[in-house]
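The tour goes from stop to stop, with something to select at each.

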Amino acid sequence: ATEGGVAVADSAGTAYIYARNHKLYGASSTDFSSASAGDKATALSNDSTKVLSNNNQYRSMGEVSINNSAGDRLFFAIPNGTTDISSIELESGGVFYENIGAFSTTTATYTNSNSYAETYKIWYSPPQGGGTNTWKIS
């Protein structure tokens, strides 16, 4: 799979097919800094919202709302080898504030429902207070 996609032309024009897994985000009780590879993979499979990319900008998830319990770690994950996430902003009072410095990174293998496995790069937070927040990821 390539980040550039494969062009497919028909009478309606040209479209691109991107052969990659989902973009993932969510909240998990998993401590990504010390979890085993299997526990990280389980968190990606069980605790995430899965978003298919409609373009080659995997790092761009736009605005997402995450509801988490106290102590959960937030995470944003994209296929390894795509352009890294460069901004993680938290919304407060209608304004987004940069927060990427509070996130650490790790990798894990995510296997989709069709048994396709791919290494993911994961940005994860320290434990959070409970609640729902809006994040802008790019």
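The stops below begin with the whole chain and then turn to single strands and residues.

**Before you start**

This is a predicted model, in which local features need pLDDT of at least 70 and side-chain atom pairs count only at pLDDT 80 or more, while totals for chains, interfaces and linings use all residues. Residues are numbered from 1 along each chain as its sequence is written, and side-chain values use heavy atoms, with hydrogens and water left out.

**Stop 1: the whole chain**

Show the chain as a cartoon. There is 1 helix, and there are 11 strands. Helices (H or I, at least four residues) and strands (E, at least two) are DSSP runs, numbered from the N terminus. Followed along the sequence, the pattern is β-β-β-α-β-β-β-β-β-β-β-β.

How many of the 138 residues count as buried? The share is 37%. Buried means under 20% relative accessible area, exposed over 50%, and partly exposed in between (1.4 Å probe, protein chains only).

Contacts are pairs with heavy atoms within 4.5 Å. Among the contacts in the chain with a separation of 6 or more, 68% are between residues 24 or more positions apart.

**Stop 2: an open sheet**

Select β5, β11, β7 and β8. These 4 strands form an open sheet in the order β5-β11-β7-β8, with antiparallel pairing. The edge strands are β5 (62–68) and β8 (95–98), each of which pairs on one side only. From one strand to the next, the twist averages 35 degrees. For such angles, axes are lines fitted to C-alpha atoms (for helices over the stretch in contact), and the angles run from 0 to 180 degrees between N-to-C directions.

Two strands pair if DSSP finds at least two bridges between them. Strands of a sheet pair through backbone hydrogen bonds, either parallel or antiparallel. Zoom in on β7 (residues 88–92): 4 bridges join β7 to β8, and the two run antiparallel. Which residue of β8 is the bridge partner of L90? It is Y97.

**Stop 3**

I137 counts as buried because its relative accessibility is 1%. I137 and I85 are 52 residues apart in sequence, but their C-alpha atoms are 7.1 Å apart in space.

Next select S87, in the loop between β6 (73–79) and β7. S87 has a relative accessible area of 10%, so it is buried. Leaving out residues up to four places away in sequence, S87 touches E98, I100, K136, I137 and S138. The side chain of S87 also makes a polar contact with the side chain of E89, at 3.4 Å. A polar contact is a pair of N or O atoms within 3.5 Å; within protein, one must be able to donate a hydrogen and the other to accept it, and residues adjacent in sequence count only if both atoms are side-chain atoms.

**Stop 4: β6 and its partners**

Select β6. Of its 7 residues, 7 are buried. β6 pairs with β3 in the antiparallel sense over 5 bridges, and Y25 stands opposite F76 in β6. Another 5 bridges join β6 to β10, also antiparallel. There, F75 stands opposite Y124 in β10.

Now pick A27, in β3 (residues 23–28). A27 is buried, because its relative accessible area is 16%. Apart from neighbours within four places in sequence, the contacts of A27 include I66, L74 and F75.

**Stop 5: aromatic rings**

Show the side chains of Phe and Tyr. How many aromatic pairs does a search of the whole structure find? It finds 6. Rings of Phe, Tyr and Trp (its six-membered ring) pair if their centres lie within 6.5 Å; planes under 30 degrees apart count as stacked, over 60 as edge-to-face and the rest as tilted. Y110 and Y120 form an edge-to-face pair, 5.4 Å centre to centre with 75 degrees between the planes. Y110 lies in β9 and Y120 in β10 (residues 117–124), so the pair ties together parts that are 10 residues apart in sequence. Both Y110 and Y120 are buried. Elsewhere, ring pairs link F32, F75 and Y124 into a cluster.

**Stop 6: T106**

Finish at T106, in β9 (residues 104–111). T106 is buried, because its relative accessible area is 16%. The side chains of T106 and K40 make a polar contact at 2.7 Å.
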